[in-house]
Amino acid sequence: MTSVVVLGVAGVGAWVYNDLDNNIRSADVDDKIGGDRPENLSPGSKNILVVGSDSRDGANAEYGKDLDTMQSDTLMVLHVPANREWAAVVSFPRDSWVEIPACDKGDGSDSTLHRAKINEAFALGGSSGEVAGAAACSIKTVEANTGLRIDHFMSVDFQGFKGMVDSLDGIEVCPEQAIHSKKARLDMDAGCQTVKGEKALGYVRVRYGVGDGSDIGRIGRQQEFMNALVEKAQAKLTNPKALYGFLGSATKSLTTDPDLAGIKPLYALASELKGIPSDRLAFLTVPNYPREADVPTDTANVVWQYPQAADLFTSLAKDKEIDKKRLEADAKNPVYASSVRVQVLNGTGISGRAATVGEKLGRAGVTVAGTGNAPEDADRTTVTYPAGLEKQAESLAARLPGVRATQAPDAAAGVITLVVGKDLDPDDIR
């Protein structure tokens, strides 16, 4: 949500910010993230992790006293390219089933590497109630699963969001059906209407009882709402009173890394984004499909779709503008991980490497037909496939950084062959 703050106030005179600078809290995450991180492959570009915090502390306690940990209600990455001519906001479904790396829990213990919903990272790292730990674990998780280097982070809580909307006298939304949700404290008729306060918050948070009841549907509403908020902020924040109301609410609920913790750096970022045309600001969602397709008993989560998700992350890492329509078209017919049947062969000379790689692929939903040793050692990892399995092979190769799939005329029917070379670090498998 905080990316909207930056985008919405770009171009407003910097003199009005002086009294707001001390509102912004700073949290240093570097010591908690560690040193094994992706490189920024495009110097001058920026990836900013934005978290909508569902913390139940203070004024937020009214939203659910049954939770005693910090929660991330919204998770996205704002990519700012080196040329500042376009930008992308990528939403990560909170139900994404991903690998959560070991994180410092802030209580003298570390969590263990495991798979879970992506929003669990914020709760794990924030076990002690510190935003720094929560943000650090979220950053580690996003970096480990995308290969993107996160340069900055922002966290904003419920109260700040409501205040921003109220300072703009509400935002118009147009639900196609009536919405009635006790959990989101929301009762709305169908049709266009202006929402503010609790109703605005409920609208962007509501999930069950509207549309397909999924987090994906909620993301769509959030992205539409943010677009409307940006447009209204740019049109309305032209007088000091409105501006102070908007920024006062935003900054009081804002926590960032030290390099962004101030009005000047935030204004500088906003100025960089000011000239980006609205048609080149893309709101995207990581391509995904229901995990039920791979694990019939799991009806609650989604998994990322390959190779489309990998293509998205690679494009951002290389600072290439995303064609949203093409991304969505390519994602219409997903290749389920369970349909990828692979034989893993060890070409490293390191005992047990095929089993290690096979186990990790299996946890990701891939069907591992068997493991063994390659006929000879291999410096580079290869994926080969028989005729008819091109899409499955491409899906597998997309999980292995730098690997491309090739067809082999003599390949065994019905199975893809992965020869693990000396260049593959199992920790880099997605």
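1. Is K32 buried, partly exposed or exposed? In this predicted model, K32 has a relative accessible area of 27%, so it falls between the 20% and 50% limits and counts as partly exposed.

2. K32 pairs with D104 in a salt bridge, with 3.6 Å between the closest N and O atoms. The two residues are 72 apart and link distant parts of the chain: K32 sits in helix 2 (residues 30-33), while D104 is in the loop between strand 5 (97-100) and strand 6 (114-117). D104 is also partly exposed, at 30% relative accessibility.

3. A second pair, R280 and E321, forms a salt bridge whose closest N and O atoms are 2.6 Å apart. This pair too joins distant parts of the chain, 41 residues apart, with R280 in the loop between helix 9 (263-273) and strand 13 (281-285) and E321 in the loop between helix 10 (308-317) and helix 11 (324-330). R280 is partly exposed at 29%, and E321 is partly exposed at 39%.

4. Within helix 11, D330 and R326 lie 4 residues apart, about one turn of the helix. Their salt bridge has its closest N and O atoms 3.9 Å apart. D330 is partly exposed at 41%, whereas R326 is exposed at 57%.

5. The structure has 12 salt bridges. Some share partners, and these join E99, E359, K360 and R363 into one network.

6. Helix 4 covers residues 131-146 and spans 22 Å from first to last C-alpha, close to the expected 22 Å. Of its 16 residues, 14 are buried, so the helix is largely enclosed by the rest of the structure.

Definitions and conventions. Residues are numbered from 1 along each chain as its sequence is written. This is a predicted model: local features need pLDDT of at least 70, side-chain atom pairs count only at pLDDT 80 or more; totals for chains, interfaces and linings use all residues. Side-chain values use heavy atoms; hydrogens and water are left out. The expected span of a helix is 1.5 Å times one less than its number of residues. Buried means under 20% relative accessible area, exposed over 50%, partly exposed in between (1.4 Å probe, protein chains only). A salt bridge is a side-chain nitrogen of Lys or Arg within 4 Å of a carboxyl oxygen of Asp or Glu.
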